[in-house]
Amino acid sequence: MSANPPVLETREVTIRFGGLTAVSNFNISVPKGSIVGLIGPNGAGKTTCFNIITGFYKPTQGDVFLEGKRITGLPPHKVCEEGIARTFQNIRLFYNETVLQNVMIGGFVRQKSHWWMPPLLIPSCTREERELRDRAMALLDSVGLGKLAGEISSSLPYGAQRRLEIARALATKPKFLLLDEPAAGMNPQESQELMDFIKRIRTDFDLTILLIEHDMKVVMGVCEHIWVLDYGILIAEGNPEQIRTNPKVIEAYLGEEATQNA
Amino acid sequence: MKTPNKSRDLTLTTAAVGLLLVFLWWANGHLDNYKIQVLNLIAINSILALSLNLIYGFTGMFSLGHAGFMAIGAYVSSLLILPPVQKEMIYILQPLIWPFSVLQAPFFIAVLAGGFAAALLGLIIAIPVLRLGGDYLGIATLGFAEIIRVVFTNLTPITNGALGLKGIPNYANIWWNYGWCLLTLFFLIRLINSNFGNVLKAIRDDEVAARAMGINTFKYRVVSFSIGAFFAGIGGALMASLITTIDPKMFSFLLTFNVLMIVVAGGLGSLTGSIIGSAVITVLLEWLRFVENPIDIGSFHLDGIPGMRMVIFSLLLILIILFRREGIMGMREFSWDSLINRFSRGGEAR
Amino acid sequence: MSLDMFIQHLFNALTLGSLYGLIAIGYTMVYGILRLINFAHGDIFMLGAYFVFFGVTLTKLPWGIAVILAVALSALCGIVIDRIAYRPLRDAPRISALISAIGVSFFIENLGLVVFTGLPKPVYRPDWLVEIITLGNIRILPLALIVPAIAFALVMGLLWIVYKTKPGLAMRSISKDIETTRLMGVSVDKIIALTFGLGSALAAASGIMWALRYPQIHPFMGVFPGFKAFIAAVLGGIGSIQGAMIGGMLLGLIEIMAVAFFPALSGYRDAFAFILLIVILLMKPTGLMGEKLEEKV
Ligand SMILES: Nc1ncnc2c1ncn2[C@@H]1O[C@H](COP(=O)(O)OP(=O)(O)OP(=O)(O)O)[C@@H](O)[C@H]1O
Ligand SMILES: [Mg+2]
């Protein structure tokens, strides 16, 4: 790896909920500009890792670094300010708001004007809001949602909601993007489009992306490096080929199926 | 999406405000005192409803503390506009302490001070209480309002205790009330339609997602709560000067209930709804007074039934919640576009 | 303060605390199951008192029967309120049911005003309840012994129902997970109705005893005891029956003793409970006996 620090690094991250150790000794290092994956059976602790990285959970132990800066224990909004954005496993849009409003809310974190400025008709604030609106529209156009800007977000079809959630995350101008099961509920054609989409936003927005995914075709198709989590423990890592043939990984997934069939 | 026609809307809005002013000027000269009083109450209730709607309808914080903020606004402003001689006369239990005994301010400043005092209290309350969510927040804010009432009953050297304040100068005429109402409306329209307004709605819709989007949800809940408290204080200050007599008993939970009723009936998350709701509910409440007054129809005499008004009123709230939860407007707002569209479509149909 | 005085205050606190506790149980059971603050609960307490004392003077029913009828009627009121004003809102946002509850509360109070008039009514008390007993220098009303004893018996009965009978099991199961319980074939609505019935019966019992202890009734008499009992339920840990009783006792103790030791504070008495509420919510939102609920993201 080059002299640049990794965009994201976790060191010995462990979290316990009461008696349950949901994640233990989680060590990953994500190089700049890469698309990497985190996989594992249901309940392995993947979403929990996301929640730790984005500040929703405080790890019992260990540290998280963003470009070499320690961000452990920062509240979620600070983490976002530092440049990490995320989507949620079960889509969480602002459902009473329009598509455009959703994206503008994402842009708020980079807004400089204060809350009391709009009522006082401060010109700089009006200008900034207009720019923000234009940027949000441009972003929506670039993800193919421009035509739907005025629709209430809850009325969107499922695939478009996923896309909007990603667009909203992009509006926060992140360096590092976390996607929690972006292909869930998509048909093969939609997931193919999603894969192209993910690759495209990486270059367009100069991003590093970590994604959780159960759809192996998507994982193998976009990820350059993959970590495998089982019962909160990293059991393997490597490129898609290595992961595909790793007996431990196969066992973890088969074990899950065996118990499910039992 | 249609591009909004800005200059046309501005013209129409200016015309509408002008029309309102002409109407008020006419009303002031031609209507009887009782009707003018009702018009005044509509303006003040609008301010109160708009402020509660900001807190509950737009930011999703279920607050039952409005009466407390109104009490603060009412007392602060009344103490500033009561002439010192008058103060000396009404404080018979214990004299009013300095500096309140000599402080004096013009009406506008006094009302503003009432608003700021309420906002300050809102801020102080918000910081501990807004960590709670949902119904616990409701109960805690209700608790604060009750504490304020008890404190005002006992703080005789400042509030004149249970006797309250009498003979407050009646400055709150139709111009002041509607002036403040329009100011509140303007402030809130600008606020809600800005991106900050979007952020408040985001916090209401999904706080977790809002935090993930880099929004310091706690901070902005505090801001929204304090702005709401500010306008509640303004409303209380105007109310005190309109009815000229206040005491701690007046600021009970019932007062909050009335405002809540207006907000729910008008539509949670709709400024338009709060204005329409204020007009409808205020008129309805006044109209319902007839069931409490004795009536004579020919030789037939009906005794008034005290309490009947609130029976009908609370029944109405239950019915709204059960059968039309979105109220009159839901989350929709008035816009010239929709009005014009409706007119032109109506024209085509005919 | 002399020891005798202190003991007398203690008995007063015990009485007041039992009365708060009995109301608090209804709040805690309903909240445990529906996550609803049943604002109208304090008004059931008022109705219980009116049913007895209005009933006795109007119909000349014997005392015992009037009490039983009043408790049953109040239980019925609780069930009807749930059926009409809360059940249709089970799937609505939680605050909707709360607003409905506030509406019901104002409705009952003002209906009380219409039917019973706003004038406080004195309560006739049988002599044997108010003949002061002297034990050495301690002078107490028989009520101060009877009220806690009845409250204790009622709570024991309730605990028996909740822990030893099938409907009780269903109740506890609903409060853990309403959906699963429904899937297991339990008629959830009936069990919820039973919960409202039991809670309302206890509130009515409390209202009747309250009217004997502080012999005056009026349509708004339930408002403050209601608020305070809810606070007692939070104090004890919402969802816990024993907690509600303990919370009630603590609140009774604090109110009586604070005023006894610091008479200057007597004007602030109605604020104590609310201050206490805010302090608990901030320090230990789960109350003394409650379980912790974590929010999942
Ligand atoms: N706040 C919490 N409190 C208690 N336990 C939790 C909490 N959050 C997660 N867990 C537990 O941690 C474990 C890992 O959950 P997590 O949601 O991270 O799994 P996952 O790998 O994302 O699974 P899936 O593929 O189903 O999304 C589970 O057993 C879960 O119950
Ligand atoms: Mg997950």
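Reader: How many of the 14 residues of helix α10(C) are buried?

Author: Burial is read from relative accessible area (buried under 20%, exposed over 50%, partly exposed in between; 1.4 Å probe, protein chains only). In α10(C), 12 of the 14 residues are buried, and the helix is mostly covered. The buried set consists of P225(C), G226(C), F227(C), K228(C), A229(C), F230(C), I231(C), A232(C), A233(C), V234(C), L235(C) and G236(C). This is a predicted model, in which local features need pLDDT of at least 70 and side-chain atom pairs pLDDT 80 or more, whereas totals for chains, interfaces and linings use all residues. Residues are numbered from 1 along each chain as its sequence is written, chains are lettered from A and ligands numbered from 1 in the order written, and side-chain values use heavy atoms, leaving out hydrogens and water.

Reader: What span should helix α10 of chain C have, and how far apart are its end C-alpha atoms?

Author: Helices (H or I, at least four residues) and strands (E, at least two) are DSSP runs, numbered from the N terminus. The expected span of a helix is 1.5 Å times one less than its number of residues. Helix α10 (residues 223-236) of chain C should span 20 Å, and its end C-alpha atoms are 20 Å apart, so the two values agree. Just after this helix, G237(C) takes a positive phi of about 100°.

Reader: Against which helices do the buried residues of α14(B) pack?

Author: Contact means heavy atoms within 4.5 Å. The partners of α14(B) are α12 (253-266) and α13 (271-287) of chain B, together with α3 (63-86) and α4 (94-116) of chain C. Among the buried residues of α14(B) are R309(B), F313(B), L317(B) and I321(B). Helix α14 (residues 308-323) has 16 residues and reaches 22 Å from first C-alpha to last, close to the 22 Å expected.

Reader: Which residues does R221(B) touch?

Author: Leaving aside residues up to four places away in sequence, R221(B) touches T59(B), M61(B), L130(B), L132(B), L137(B), I203(B) and E207(B). R221(B) is found in helix α11 of chain B and is buried, with a relative accessible area of 10%.

Reader: What is the phi of Y231(A)?

Author: Y231(A), a residue other than glycine, has a positive phi near 50°. Its place is in the loop between β9 (225-230) and β10 (233-238) of chain A, and Y231(A) is exposed, with a relative accessible area of 69%. T244(B), likewise not a glycine, has a positive phi of about 65°. T244(B) sits in the loop between α11 (217-243) and α12 of chain B and is partly exposed at 23%.

Reader: Where does P122(C) lie?

Author: P122(C) lies in strand β1 (residues 121-122) of chain C and is exposed, at 71% relative accessibility. The C-alpha atoms of P122(C) and P215(C) are separated by 5.9 Å, while the two residues are 93 apart along the chain.
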